[in-house]
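Have a look at the structure before reading on.

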Amino acid sequence: NAYELSWLDHTGKPRIALARFWIPASSPNLIESKSFKLYLGSFAGTRMDDAEQVRAWLERDLSQAAGAAVTARLDDAAHGTRECIETLAGTCIDGVAVNIDCYGPPTPAFLHADPNAIVDEVLVSHLLKSNCPVTGQPDWASVQIAYRGPRIDPAGLLRYLVSFRDHSGFHEQCVEQIYCDLMARCAPHSLTVYARYTRRGGLDINPWRSSTPGTPSNPRLPRQ
């Protein structure tokens, strides 16, 4: 997650930073995006000694809310490193010829894999869409699926991803469901599911779920 955060220093001068957060997939609680945005916005009129105090404050509160250790990092919003505009690496499946008539609920039965063809590939779709369970607003995303194992049928995968279209679920829940359904239905030897959602209210939420340790490169997509 990323957010442009502002607070006041000891002189009353506003300070800004690009705040980034890593919340483990194993956390028992989700931090709902609207309340997260309101919490971060509450720093705008708060006096803090320095950026380190802000970071420690954020990690304390967010770890308590998530029920697991949350990591925060603050970068200089004016001069710090910014991500370049990139695209998600992989083969885009959005052009696959397929008839689609199911937009919800998410349907794992669409997923199929060929156990006789073991591949190592990365598939990408820009057609993932779900709805916020709190506000009902649409959430749009690009999703990258990197795996090694039985070859996943791209037409079935596309039908499955589109079946989230009328689904109400938080970003993290949708990615977790995609990961679990692929594991259960396609039995990959390794799997990573990475979704980059368009921003709402300045909050950038990009869940990443993987069977192997690591962190994503955090590219900024053109639609973001």
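**Salt bridges in the predicted model**

1. D9 and R15 make a salt bridge, with their closest N and O atoms 3.0 Å apart. The term here takes a side-chain nitrogen of Lys or Arg within 4 Å of a carboxyl oxygen of Asp or Glu. D9 is buried at 7% relative accessible area, while R15 is partly exposed at 38%. For those labels, buried is under 20% relative accessible area, exposed is over 50%, and partly exposed falls in between (1.4 Å probe, protein chains only).

2. Before going further, some housekeeping: this is a predicted model, so local features need pLDDT of at least 70 and side-chain atom pairs count only at pLDDT 80 or more, whereas totals for chains, interfaces and linings use all residues. Numbering runs from 1 along each chain as its sequence is written, and side-chain values use heavy atoms, with hydrogens and water left out.

3. D75 pairs with R20, closest N and O atoms 3.3 Å apart. Strands (E, at least two residues) and helices (H or I, at least four) are DSSP runs, numbered from the N terminus.

4. R73 comes in too: R20, R73 and D75 are linked in a salt-bridge network.

5. Over in helix α2 (residues 51–66), R55 and E52 lie three residues apart, about one turn of the helix. Their side chains meet in a salt bridge at 2.4 Å, N to O. R55 is partly exposed at 22% relative accessibility, and E52 is partly exposed at 44%.

6. How many salt bridges does the rule give? The count comes to eight.
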